[in-house]
Amino acid sequence: MGRWYTRLGRRGQAAVEIGLGTVAPPVLGFCGYVLVAWSPAEAALELWFWVLFSALLVTALLIAIETARAFRFPDPPLKRPVETLDLPRVATVVAAYLPNEQATIMESLRAHLDVDYPHDRHLVVLVYNSPTSLLVERELRELAEREPRLLVVRAAGSTSKVQNLEVATELLRGRVDVVGIFDADHHPHPSSARRAAQWLADAAGEGRFDVVQGQCAIRNDRDSFVARTVAAEFATLYAVAHPGRTVTHDFGLFGGSNGWWRAEVLDDLGLDGRMLTEDIDVSMRALGEGRRLAMDPRILSYELAPTDWGGWWKQRTRWAQGWHEVSLRHCVPLLRNRDLSLVQRRGVAFLLAWRAIHPFLATQLIPLVIAMAWATDRRVVWDLLFFIVAAIGVNGVPVLQAIAANRLAAPGIGARPRLFVRYVLVSVLGYAELRMSVTRGAVVRHLLGAHSWDITARGTSQASSGGEQTVDETDRRRALEAAL
């Protein structure tokens, strides 16, 4: 079924996704409502209207509750700064597809090396894959020679981030206590490792967590309209929605970068390279095994946002389809897991099940009201009034989140009212609907059998000619032993 679809190319596929995911539902819904209005079951339309109205309003209310609780986010279980001798051994692992990251990788590694953590207990590991040899590899080797804490490993035969991380996990097994995972464009805040240690260190005792996700903020928000929009959006997500949801539902999520793990937990769970969003998948597996997942917006890292809509669409399509895969794999087993609290299972239902259903239901209220006004003899003044109430509730969500993000977001992004006013306007005028269109399109992609994804570009490639140079396993282990 999916062969014709995969032959369309990315633009053709996007047109099909928008057509079947965004245009078709309200059109088909309207036609169905008219037929019902002309049938003896006309009264069912009124009942369906109240179901939709309640669903949209309750969703807006739950998001408002999460927004309020973002202001009450707890501190780490280890209340006071740990002493130097008590600090866990930490490795920050940078996974890179080097042709795509070569313009930023040197700057990113320097940011990791500048993290405020005892040098004898901190290791920076760059694990990368590349189809060709690159000029920047010489710079990387020279930097590693100057910095004993830096280990540069080319993962021979790797074609994915997951395979790169598997190489790093094997090298670090039994040698470190905490592993922080980062994409190659991230610049962690100097305090990030110490803050993560307060959540994961043995000194935290029974209050210790297994995973803590930090806040990802955008550092290139001045580059384009798209980057500014994503910067404000990320602030509403990582500074407001994620911490508020963690408090409300009693579990956080690993977001793929600036996530910190107890090393033995990461080694035990592993990452599944078959999943488009292996980070959300491992989060759900960790939750199902009773692991404790925290989210701390004060663990900061700054990354690059896509600067054009093409890059944005590729990135969000992969994320949305990956979430859909995770929902299909984990939603029912987690809801049946009696080891989870009712609060956690409620969070699973909202995060996995309702997340997939809500964007489709949101397309139905307008065609329903129009069909009821056109195809029935009764007046719909009250229906229109409650429709307006629902619209205010739905459109009020980005306003509340923007107000909170202006207060809670990372330095450089927060306390910029114009940025968030612009974001609210963009959201109301179409960005919120665009995000839901991507979610609906991901369902279409999955049903039509498309499971590939494109790498989000981060600059120009400057590949050089020459054969591949791989690092022997023995050499990698010797370098690691020397660094530790």
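Mentor: Rolling a probe the size of a water molecule over the atoms shows where empty space is left. Here the largest cavity has a volume of about 50 Å³; a cavity is a set of points, on a 1 Å grid over the protein atoms alone, where a 1.4 Å probe fits but cannot get out, and the volume is the space filled by probe spheres set on the points, which are joined across faces, edges and corners. This is a predicted model, in which local features need pLDDT of at least 70, side-chain atom pairs count only at pLDDT 80 or more, and totals for chains, interfaces and linings use all residues. Residues are numbered from 1 along each chain as its sequence is written, and side-chain values use heavy atoms, without hydrogens and water.

Trainee: Which helix gives the largest share of the lining of the largest cavity?

Mentor: That is α12, with four residues, where lining residues have an atom within 4 Å of a point and helices are DSSP runs (H or I, at least four residues) numbered from the N terminus. Ser327 is one of the residues lining the largest cavity, and α12 bends at Ser327 by about 35°, the angle between axes fitted to the seven residues ending there and the seven starting there.

Trainee: How many salt bridges are found in the whole structure?

Mentor: Side chains of opposite charge can pair when their charged atoms come close. The search finds 24 salt bridges, each a side-chain nitrogen of Lys or Arg within 4 Å of a carboxyl oxygen of Asp or Glu. Among them, Asp75 pairs with Arg195 at 3.6 Å, N to O. Arg195 belongs to α8 and Asp75 to the loop between α3 and β1 (strands are E runs of at least two residues), so this pair ties together parts 120 residues apart in sequence.

Note on methods: 1 Å grid on protein atoms, 1.4 Å probe; cavity = no way out; pocket = protein on both sides within 12 Å on 5 of 7 lines; lining within 4 Å.
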